[in-house]
Structure formats: structure tokens, C-alpha cells
Amino acid sequence: KGTRDDAKAAVAAAKAAAKGWAATPWQDRVAIMRRVAEKISETSLELSAIMVMEVGKSRLEALGEVEETADLIRYYADAMEKNRGYINELGKLSDNETNMSVLKPFGVWVVISPFNFPMALSGAPICAALITGNTVVFKGASSTLYTGWKTAELFAEAGMPDGVFNYISGPGRTVGQELQDNPDIAGWTFTGSYEVGMQVARNALNGRYPKPAVIEMGGKNPAIVSRNADIDKAATGVARSAFGLDGQKCSACSRVYVEEKVYDQFVAALIEQTAALKVGDPTARDSFMGTVIDKGAYADYQKFVALGQRDGKLLYGGAVLTEGELSRGYYVQP
């Protein structure tokens, strides 16, 4: 339950450490980030278990996300090495000149991450900012505080000087607002809702000069199925994309355009694939869908199902699941 003053303190610490961290050789920063990646891989089972219990994500998806976090950190480390720290000599017109391309860090970088990929969408942008010489203030989602804390722990214990990495948790209206408004912040990476993302974008343009902001919000991703498609593969792909993590992700397949000739065949295959997905305790090996994230998402699910029934035709599912042990969580049908 951090406060606005806690957020100010985190930004001040990051600002004080910025000059020294920017001057740290990029090879040293890469070595530190590679250690973080190794630690994630070594403790992947523990980290995945925490995520399963906190998010309601299936075992398969949690294991995948944790290892993806390590992979993304290694990817950024590889990129720094490939580009030699982003200090490169350019061509020249004569022997008595030297032209250099030098990319420098911005300063204090804020990372605000969502609940649905609480480690990958935290660890990757934290690493990207740190490895390029920025200091970081990180705020995870309020509904995934444990995973956010474990992610923060990995970086906090990686051997960086004090103030280089800072973690703050608390409400969006106080901590989150300070991490948008503070004039000592140089840039942001935000993943989350459209409303907050657009607010971050407007804030980035508010000062004397525009500031950089990397913003990822929602998506309504379509799939296109033509008469030449492998219908079973198409149905499998759509079902996995649409209903993985109960559809709570910007990459979920939200609509499908199907050529008329194969429409009925595709719909039948999709219903069959969807009906085969097991909804249940996410710690169980065979559960494909666990719970939605919280009571608000549970209410939203029911609201949107009602809208769908009003405006269209519901072919399968759409009910909350309350029998037996499922009454003790926010379980819903695909």
C-alpha cells in the first residue's frame, strides 16, 4: 500500500543513481542481466507455482511465461552484444575524419506492468531499460503483488548499485499517478488498459519537450479462415488463442472471418475443440483454463455474455461454474 511519497522517493533514488549507472560499461550491465536470466531459469518451478496460484493461469502457461521472461532478457543481452553497446563507427568521406553513432540512456525509466503476464511484461521491459543504462522504477499490477514482488527481488538482488532498480506498489490513483506526473521521469513502458495507456501518452506530450513512451493496450485480433485452410488446425489455433488465460490478454483471438464455403465445418470444429477444454483448478496438470483474475473480471464476463446473447447467437458456453470446488473461485466457461 505504497503512497505518493513512496513513489517520489523511488524516483529520487533512481535519479541519484542514473549518472553512475549510465557510465557503467555496457558489458558489465549485460553480465548482470544474464545472471538474472539464469536465476529465473533455475527457480522456474517456484515462480510458475506462485503465478498459477495468484493469477489462476494454467501450469502450462505459467511455465511458458516464466521461461519466456528469461528468454527475453537473454534476447536483450544478445542485442547489446551484437550492437557493441550501441556505439558504432559510421562511414567517412576522408581519412582525417571519424563519424560515430552513439545512443545514450534517457535517465529514470518507469515500467508499469499488467496482471495477465505479470513476469514477462515486467522483467522484459525492466531489463531493456537497465541494460541500456537507464535506472528503473517498477510498479506491478495490484492484483499480482506476489509475482511482482518476486520479479522485483530478482533484479534487486542482482548486484546493481543502490537506486538503479526500485520497486513500488500501491494504488493507481496515488502511486501510479505520481509515476506519470513526476518531472524527473524520462520515459515509460506501460502495458494495460486503453484508458490509462492514453493518459500516459498524453502525459508524455505535456512538458516542454515530448518524452518517449512505449505503450501496449488492448487488441481485437482477427483470424482469417479460407476454404484452403486445414480446418482442424485452424479451430485448434483459434480455441487456444481465444481461451488461453480465459481470453484475458491483448493477443487473444477475439473474432474470426470464415469463408462461407467452410463456415459450418469450421464452426462445428471450433465448438468441438472448445468443449474439450477443461476448466478447473489451475494447479491440476490437465486444466486448460483456471479462474479469471478477480471479482470485477467475473462480473464483466457475465455482463459481456449477456450483451452477446442480446446482439448475437451463443453457440457454446457462457456460464459461470459453481458446482463443488468450482464454487470457491471465479471459474467460467469459454
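Hi everyone, thanks for coming. Before anything else, please keep in mind that this is a predicted model.

Let's start with the sheet. Five strands make up an open sheet, paired in parallel, and the order to follow on screen is β5-β4-β3-β6-β7. Which strands stand at the edges? Those are β5, residues 165–167, and β7, residues 213–216; each has a single partner strand, so one side of each has no neighbour in the sheet. From one strand to the next, the twist averages 15°.

Now look at the pairing of β3 with β6. Strand β3 covers residues 108–112 and strand β6 covers residues 187–191; the two run parallel and are joined by four bridges.

Helix α6, residues 145–156, touches β4 (135–139) and β5, and its direction makes about 160° with that of β5. Helix α7, residues 172–181, touches β3, β4 and β6, and here the angle of about 160° is with the direction of β4.

Next, S113, which you'll find in the loop between β3 and α5 (120–131). Is S113 buried or exposed? Its relative accessible area is 5%, and the cut-off for buried is under 20%, so S113 is buried. What is S113 in contact with, once neighbours within four places in sequence are left aside? The partners are P118, L121, S122, F138, K139, G140, A141 and T191. As for W21, 92 residues away along the chain, its C-alpha atom is 23 Å from that of S113.

V292 counts as buried because its relative accessibility is 4%. Setting aside neighbours within four places in sequence, V292 contacts D246, Q248, A297, Y298, Y330 and V332. Take Y330 from that list: 38 residues separate V292 and Y330 along the chain, while their C-alpha atoms are 5.6 Å apart.

On to charges. How many salt bridges are there? The count comes to 16. One of them joins K15 and D184, with the closest N and O atoms 3.1 Å apart. K15 sits in helix α1 (residues 4–23) and D184 in the loop between α7 and β6, so this pair ties together parts 169 residues apart in sequence. K15 is partly exposed at 46% relative accessibility, and D184 is also partly exposed, at 34%.

There is a network to look at too: salt bridges link E38, E67, D71 and R74. Within it, R74 pairs with E67, with the closest N and O atoms at 3.7 Å, and with D71, where that distance is 3.6 Å. D71 and R74 are three residues apart in helix α4 (residues 59–82), so about one helical turn separates them. E67 is partly exposed, with 28% relative accessible area, and D71 is partly exposed at 45%.

Last stop, the surface. I87, M100 and V102 form a nonpolar patch there, and together they have about 250 Å² of accessible area. I87 belongs to strand β1, residues 87–89, and counts as partly exposed because its relative accessibility is 43%.

Terms used
Residues are numbered from 1 along each chain as its sequence is written. This is a predicted model: local features need pLDDT of at least 70, side-chain atom pairs count only at pLDDT 80 or more; totals for chains, interfaces and linings use all residues. Side-chain values use heavy atoms; hydrogens and water are left out. Patches are made of residues with over 30% relative accessible area and no salt bridge: like charges are joined within 9 Å, nonpolar side chains (Val, Leu, Ile, Met, Phe, Trp, Tyr) within 5 Å. Accessible areas come from the Shrake-Rupley method with a 1.4 Å probe; for residues, only the protein chains shown count as cover. A salt bridge is a side-chain nitrogen of Lys or Arg within 4 Å of a carboxyl oxygen of Asp or Glu. Buried means under 20% relative accessible area, exposed over 50%, partly exposed in between (1.4 Å probe, protein chains only). Two strands pair if DSSP finds at least two bridges between them. Axes are lines fitted to C-alpha atoms, for helices over the stretch in contact, and angles run from 0 to 180 degrees between N-to-C directions. Contact means heavy atoms within 4.5 Å.
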